[in-house]
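Take a moment to look over the fold before reading on.

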Amino acid sequence: MEDGNRSFTVDEALVEMGFGKFQLYVLAYAGMGMVAEAMEMMLLSFVGPAVQSLWNLSSREESSITSVVFAGMLIGAYSWGIVADKHGRRKGFIITAVVTFVAGFLSAFAPNYTWLIVLRCFVGLGLGGGPVLVSWYLEFIPAPNRGTWMVIFSGFWTVGTILEASLAWLIMPSLGWRWLLALSSIPSSLLLMFYKWTPESPRYLILQGRKAEALSILEKIARTNGTQLPKGVLGSEMETEMEETKSHPTESTHLLKPGELEEAPPPVSKMILKPDSKGPLLVLLSPELIKRTLLLWVVFFGNAFAYYGVVLLTTELKISQNSCYPTEKELTHSSNDVNYRDVFIASFAEFPGLLISAAMVDRLGRKASMSSMLFTCCIFLLPLLTHQSPTLTTALLFGGRICISSAFTVVYIYAPEIYPTAVRTTGVGVGSSVGRIGGVLCPLVAVGLVHGCHQTIAVLLFEFVILVSGICVCLFPFETSGRELTDTISTSNEPSSSSV
């Protein structure tokens with residue numbers, strides 16, 4: 001077949017054009033969304049204690065300020081995923097940016113506790129759209145170096161936490177929590193300012209049959225990167241595979257005799273989904289996807305439970321040890337003030353995790369990277385089954401945070417790679433929602449045990465959750481490192497072999 005009639009897919013075009021200036025622009029925009037989410041989450045550590053003393057809140061009322069954000073994120077992660085899969089990635093993340101910015105900015109003017117709770121819940125609802133930006137960014141990255149660039153993208157979360165800790169250190173002592181809330185909404189406003197220059201995902205457009213629009217975006221990528229598109233005609237994954245089947249019949253097609261047809265193994269069947277082919281949750285739980293979906297839910301839950309747990313234990317274990325194992329010095333001194341300098345320094349703990357992720361994710365693969373980090377985290381937490389010195393406790397939790405942040409980074413790379421385009425953002429969104437449940441339960445269950453001087457039981461709980469998550473990672477049906485993203489669902493566990 002002549003090159004002029006040959007079909008090429010979006011993935012093949014991206015590989016041909018390579019990673020260039022266009023992807024850097026997409027990275028900057030999506031990264032700003034990650035910074036916005038990190039800052040809105042990080043400020044909860046500072047706002048809660050401030051409003052508790054201002055409005056004489058109970059401990060339960062203070063914790064509700066955090067809980068309603070997670071509740072909003074749980075709803076938003078599922079809802080915005082469906083919107084993005086049905087109506088496009090751009091429409092999905094612009095709505096979330098508007099909700100996050102408006103609610104976040106208005107939070108600074110909340111006249112009382114009730115209004116603050118309502119507005120922060122809406123902030124959580126907007127933040128639940130994070131997986132939409134993840135999928136949008138992912139669909140512009142060439143397969144060979146997708147893992148490395150996804151780790152770099154995840155680094156914007158760490159940048160956001162450092163910015164928020166720096167802002168709190170500068171703003172809170174003099175200007176107070178209202179200014180912190182207002183200034184923390186700036187990254188979300190930047191998403192609105194630069195929205196008109198963002199392109200729609202060409203993969204989504206191909207799935208909708210809008211090939212001319214998809215080709216126009218790919219041509220723009222080629223011009224920006226100073227490269228060229230492959231020769232031929234842009235087609236969907238299914239069309240390209242059908243063309244290759246016709247052009248290159250398999251060996252079994254020639255050798256099978258008529259009488260042997262019934263004994264031949266059935267071909268691997270594939271179906272291409274439309275976003276509205278049936279309910280998105282039903283698609284995720286279909287026979288072809290249910291195994292990877294349920295395993296992913298466990299891994300998301302375990303990572304979120306462990307991540308927020310290790311972060312909280314960094315301060316909670318010290319408080320618990322002071323009350324459960326008091327010394328003479330600690331009996332005469334106590335303080336509930338937030339140490340902004342310590343929080344700022346602790347924010348740098350995740351950089352080693354990002355470096356480890358970048359080094360492992362494409363070399364060892366997603367599964368090996370996640371499982372090794374989760375099992376190593378178990379080793380770091382093991383000595384904490386018994387009371388340790390403050391220095392050793394801090395060192396062990398620092399190591400545990402490196403491992404769990406590394407694993408969490410990789411799961412956000414792996415999750416969108418295992419789903420077809422039609423349900424990619426929904427799949428990641430629902431998984432992220434399950435993770436939010438882990439984030440909500442962690443302080444209620446594990447930290448409660450620590451406060452009750454049951455450190456051994458609390459650490460055993462973390463060990464169990466992390467261990468189960470690591471085992472589930474090993475049970476995932478396939479590795480995605482270096483593979484193309486797919487538009488189809490295969491009845492086999494392995495994705496198409498046409499990957500790069």
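Predicted model: local features only at pLDDT ≥ 70, side-chain atom pairs only at ≥ 80, totals over all residues.

Alanine 422 sits in the loop between helix H21 and helix H22, the latter covering residues 424–451. Is this alanine 422 buried or exposed? With a relative accessibility of 1%, alanine 422 counts as buried, because the cut-off for that word is under 20%.

**The chain as a whole**

The chain has 500 residues, and 53% of them count as buried. Its elements are 23 helices and four strands. Now consider the contacts in the chain with a separation of 6 or more: 83% of these come from residues 24 or more positions apart.

**Helix H5 and its partners**

Helix H5 runs over residues 89–107, which makes 19 residues. From its first C-alpha to its last it reaches 27 Å, close to the 27 Å expected at 1.5 Å a residue. Among the buried residues of H5 are Arg89, Arg90, Gly92, Phe93, Thr100 and Gly104.

Some of these names come back when we look at helix H7, residues 130–138, whose axis comes within 9 Å of that of H5. Arg89, Gly92 and Phe93 in H5 meet Val132, Leu133 and Trp136 in H7. Sorted by class, this contact has four nonpolar, one polar and one charged residues. H5 passes H7 in a left-handed crossing.

Valine 99 is another residue of H5. Leaving aside neighbours within four places in sequence, valine 99 is in contact with Gly104, Phe122 and Gly126. Its C-alpha atom and that of glycine 124, 25 residues apart along the chain, are separated by 9.1 Å.

Where does glutamate 40 belong? Its place is in helix H2. At 1% relative accessibility, glutamate 40 counts as buried. Setting aside neighbours within four places in sequence, its contacts are Thr100, Gly104, Arg120, Val123, Leu127, Ser184 and Ser185.

Tryptophan 157 is found in helix H8. It counts as buried at 15% relative accessibility, because the cut-off is under 20%. Not counting residues up to four places away in sequence, tryptophan 157 touches Met34, Glu37, Ala38, Met41, Tyr307 and Glu350. The C-alpha atoms of tryptophan 157 and glycine 31 are separated by 7.9 Å, although these residues are 126 residues apart along the chain.

**How pairs of helices cross**

| Helix pair | Axes come within | Crossing angle |
|---|---|---|
| H20 (residues 366–381) and H21 (residues 390–417) | 8 Å | roughly 155 degrees |
| H5 and H7 (residues 130–138) | 9 Å | roughly 145 degrees |
| H2 and H12 (residues 211–225) | 7 Å | roughly 110 degrees |

Start with H20 and H21, which cross at roughly 155 degrees. That angle makes H20 roughly antiparallel to H21. The contact of H20 with H21 has 15 nonpolar, five polar and three charged residues. H20 passes H21 in a left-handed crossing.

Next come H2 and H12, crossing at roughly 110 degrees. These two helices are therefore roughly perpendicular to each other. On the H2 side, the contact is made by Lys21, Phe22, Gln23 and Tyr25, and on the H12 side by Lys220, Ile221, Thr224 and Asn225. By class, the residues of this contact divide into three nonpolar, three polar and two charged.

How values were computed: Residues numbered from 1 in each chain as written. Heavy atoms only, no water. Axes fitted to C-alpha atoms, helices over the stretch in contact; angles between N-to-C directions. Parallel < 35°, antiparallel > 145°, perpendicular 65-115°, else oblique. Left-handed = near helix turned anticlockwise from the far one by under 90°. Nonpolar A, V, L, I, M, F, W, Y, C, P; charged D, E, K, R; others polar. Expected span 1.5 Å × (residues − 1). Buried < 20%, exposed > 50% of the residue type's maximum accessible area, 1.4 Å probe, protein only. Contact = heavy atoms within 4.5 Å.
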